[in-house]
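I opened the notebook to look through a new model.

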Amino acid sequence: MLRVIARVALVLLGLVLVSTAANLILEGIERSKAPAYGERVRIEQGTINVSRTGDTGPTLVLLSGLGTPAPGLDFAPLVRELDGYRTVVVEGFGYGYSDTDVRPRTLENQTEELHSVLSALGINGPYVLAGHSIGGFTTLYYANKYPAEVSAVIGIDPTVPTAPAPPPGSAAPADAPPSGNFLERMASTTGLVRWATALGMADPDSSSYTPAEIEQMRMLASWNFGNAAVTDETNRIGENAAKLHGLSYPTELPVLQLLAQDTIDQRADWLSLHERQLQDVTRHELVVLDGPHYLHWTKAKELADGIDAFLRADAG
C-alpha cells in the first residue's frame with residue numbers, strides 16, 4: 001500500500017511539474033505575442049492600463065469588481081451600449097495589463113492612483129464615476145475626497161461597507177505592508193487556472209462577448225490570478241470598509257444604484273443596505289434588475305438605458 005501511495009504521489013508530482021513548465025512556456029509566448037488593448041499610463045506609483053472609447057459626450061469612468069481579470073474587456077458589452085458617452089475603464093493595479101507589484105491596496109492609495117491616472121489623461125472633471133461590486137468602496141471615498149470633479153455616481157450592484165464602528169479610543173485601521181501571496185499564486189503558477197479557463201469554467205455567462213475577447217480574458221485570468229496587488233486588496237476589505245464607516249455620498253450628488261435581483265435573493269439585507277446609504281441623497285434612484293451580480297454580462301442594454309435616462313434627467 002505504501003508503494004502504491006508513493007507511486008501515485010510521484011505521478012502527481014510529475015504532472016504538476018510538467019503542467020508548471022508548460023504554463024510558464026505558454027505564458028511567455030503569450031506575453032510576447034498577444035496584442036494588448038488600451039493604453040498604459042505611467043504615474044508615480046507605476047503603470048496603469050486604461051481602455052477609452054468615444055470622442056464626444058459626457059465622460060463615464062468605469063471601475064471593476066474585486067479580482068476581475070480584465071476589466072477593459074469585462075465591461076465591453078456595456079461600453080458598446082453606451083453610445084454618446086466617452087467611457088474610460090481604469091484597470092487598477094493588479095488588473096488587466098496594469099502593474100501587479102505595488103504599494104499597499106489601501107482605499108487612500110487606490111483613490112489617489114485613480115485621480116493621478118485621470119489627471120494624466122487630461123480628464124479633470126466633471127465626470128461620472130461608475131463602480132461595480134467592490135468598486136462601490138472607491139466611488140464612495142472618491143466622491144467625498146474630490147467632490148468638485150464628480151458629477152454623478154452609478155453603482156452596478158455595488159458593495160456597501162458594513163464594518164461596525166471602531167470602539168471609542170481605538171487605533172485607526174493599520175495600513176500594514178502588502179501581504180504575501182505565495183499560496184494564492186500556486187493555482188496560476190502550476191497551470192491549474194489555465195486548464196480551467198481553457199474548459200470555459202471562468203467565462204462570463206453571456207453571449208455578448210466576441211471569441212477574441214473570451215480568449216484574451218482567459219489568458220489574463222491565468223496571468224493575474226492571485227497576484228500580489230489583488231491578494232493585498234482582498235485582505236484589506238475589512239480595513240477599507242472600516243474607513244468608510246459613517247460615510248455617505250454628498251447630499252447634492254446624483255446617485256443611481258442598479259442592483260441585481262440574484263444578489264438580493266442571496267442576501268436578505270442587500271436592498272436595505274443600499275436604501276440606507278442613499279436616504280440623505282437628494283437626487284437618487286434605486287433600480288432592481290433581474291440578473292446576476294455581474295449585471296453588465298447579461299443586462300448591458302438595460303444598464304445603459306437606465307444610466308442614460310438618469311443622467312439626461314439630471315442634466316435637464
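This is a predicted model: local features need pLDDT of at least 70, side-chain atom pairs count only at pLDDT 80 or more; totals for chains, interfaces and linings use all residues.

Residues are numbered from 1 along each chain as its sequence is written, and side-chain values use heavy atoms, with hydrogens and water left out.

**Entry 1: loops**

I looked up Ser-133. Is Ser-133 buried or exposed? Ser-133 counts as buried because its relative accessibility is 12%. Its phi is positive, about 55 degrees, although Ser-133 is not a glycine. I found Ser-133 in the loop between S5 and H5. Helices (H or I, at least four residues) and strands (E, at least two) are DSSP runs, numbered from the N terminus.

Next I checked Asp-157. Asp-157 also has a positive phi, about 45 degrees, and is not a glycine. The loop between strand S6 (150-156) and helix H6 (182-189) holds Asp-157. At 0% relative accessibility, Asp-157 counts as buried.

I then noted a cis peptide bond between Gly-125 and Pro-126, with omega about 0 degrees. Pro-126 sits in the loop between H4 and S5.

**Entry 2: sheet**

I traced an open sheet of 8 strands with mixed pairing, in the order S1-S2-S4-S3-S5-S6-S7-S8. Two strands pair if DSSP finds at least two bridges between them. Strand S1 (39-43) and strand S8 (284-289) are at the edges, each with a single partner strand, so one side of each has no neighbour in the sheet. From one strand to the next, the twist averages 25 degrees. Axes are lines fitted to C-alpha atoms, and angles run from 0 to 180 degrees between N-to-C directions.

Leu-63 stands opposite Gly-131 in S5.

**Entry 3: cavity**

I searched for cavities: on a 1 Å grid over the protein atoms alone, a cavity is a set of points where a 1.4 Å probe fits but cannot get out, and lining residues have an atom within 4 Å of a point. How many cavities of 30 Å³ or more does the structure hold? It holds 1. The volume of the largest cavity is about 310 Å³, counted as the space filled by probe spheres set on the points, with grid points joined across faces, edges and corners.

I listed 22 lining residues, with Gly-92, Tyr-95, Gln-110, Thr-138 and Glu-233 nearest the centre. H4 supplies the largest share of the lining, 4 residues.

Note on methods: On a 1 Å grid over the protein atoms alone, a cavity is a set of points where a 1.4 Å probe fits but cannot get out, and a pocket is an open set with protein on both sides within 12 Å along at least five of seven lines; lining residues have an atom within 4 Å of a point. Buried means under 20% relative accessible area, exposed over 50%, partly exposed in between (1.4 Å probe, protein chains only).
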